[in-house]
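Try each one before you read the solution.

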Amino acid sequence: MANMNSVIDDEIRQRHAEISSLNKHIYDNPELAYEEHKAHDAFVAALQSLGFNVTPHAYGLETAFSADVGSGGRLVVFNAEYDALPGIGHACGHNLIASASFAAFLGAAAALKASGRPGRLRLLGTPAEEGGGGKLKLIENGAYQGASGALMVHPGSARLLPPGVRGIASIRMLANVKMRAFFKGREAHAAIAPWDGVNALDAVCLSYNGISMLRQQIRPHERIHGVIRAGGNRPNVTPADCVLEYYVRSATRATAEALWQRVKNCMDGAALATGCSVSYEPLNSYADVRPSKAICKAYVEAMTEAGCEGKVALDGPGAAEVLPGSTDMGNVCYECPGFHGVFGIESPAGASNHTKGFTASAGTEDALARAVDCGRGMARVAWKLLEDDAFAEFVQKEWEEDMKLAAEGK
């Protein structure tokens, strides 16, 4: 194992120019969900130039790709995200996620080739995390089928981490049920014959107020937030078609679904009270992130062995604050053992994820160096999953038990 760690480190060090160039290209050319054509093409070209077998436009998605190496044995997947945010570019640091996974894949692939052992590695280009649910489509099309682990890291503001801590391995993130509600009433002239109208905007307002009252009776970690997508066109026309969109978050997929039913009751009641009908459209809901405890522990050990600067904590203070939202990586955690560690990058006060200040921070050389360090750690963990039968078996059994708990909403 020690010898393979040297192989991993040497390969990542030798490929720094390629990693840095790709990182800069993605950062300088921010693209929105499902529009990441430049990032996709740059990744495919870089991997092909290094001699890897690459499938562009993989798994039915135009801006996904899959680079695969090895045969037989177990499969480990590295997720490379690269979509940006409207108007503020890479304010969630997905260029760094891509770079960390690229580094990890290169290092682990070098170890696999040097060993001559069976085993498979996949660098998976995963578009549209920012609201597009790209990994849900990849799951549906079999990208994670049979995987023994799926690994990635995510940057956050170092200011949100405890002093001396550069990263946290085990991060739980909330499940997020996303729904759109369509209220149907009847138009009428609001002055001439208001009694002929059925006001869908009244149903929207009643729903909104009812849900606001519901927030008093939900758990501290749960979140409900929504917007009015359509509320009528003119004051003198009774609104007949109005739309609400809500996100409902809770600790697990099961409890988020249960909370959504309470939200839905508010909307159903509002429709009944106003004489409207209501229908629902499910959006790309995200499951909770349930990281593999065994993989998280192995990552902490790997980062320590690699001599990376700063401490990587297993969990503890800061874990809930640094990334409190939701991600489609949660859905991957329900398909195979998952890892979604966090590393801190230096950012100004108030510049956390999804701010312009964080965009600037994500483009620094120091941020890239921290991402590459995480890649070294992930490569070591991936190699352990391929090489250590007992470890891989333990990870799989632990995940199967966790899925039983997840089904119970725990």
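UniProt positions are given in the numbering used here, feature names are shortened, and annotations may be inferred rather than shown by experiment. This is a predicted model: local features need pLDDT of at least 70, side-chain atom pairs count only at pLDDT 80 or more, and totals for chains, interfaces and linings use all residues. Residues are numbered from 1 along each chain as its sequence is written, and side-chain values use heavy atoms, with hydrogens and water left out.

**Exercise 1.** Find the stretch that UniProt lists as "domain: Peptidase M20 dimerisation".

*Solution.* Go to residues 176-269, which is where the unreviewed UniProt entry puts it.

**Exercise 2.** Work out how many disulfides (pairs of cysteine sulfur atoms within 2.5 Å) the structure has.

*Solution.* Searching the whole structure turns up zero. Take cysteine 276: the closest cysteine sulfur, in cysteine 242, is 7.9 Å away, so that's too far for a bond. Now try cysteine 336, which is in no disulfide either, with the nearest cysteine sulfur, that of cysteine 333, 7.5 Å away.

**Exercise 3.** Decide whether cysteine 276 and cysteine 336 are buried or exposed (under 20% relative accessible area is buried, over 50% exposed, in between partly exposed; 1.4 Å probe, protein chains only).

*Solution.* Cysteine 276 has a relative accessible area of 11%, so it's buried. Cysteine 336 comes in at 1%, so it counts as buried too.
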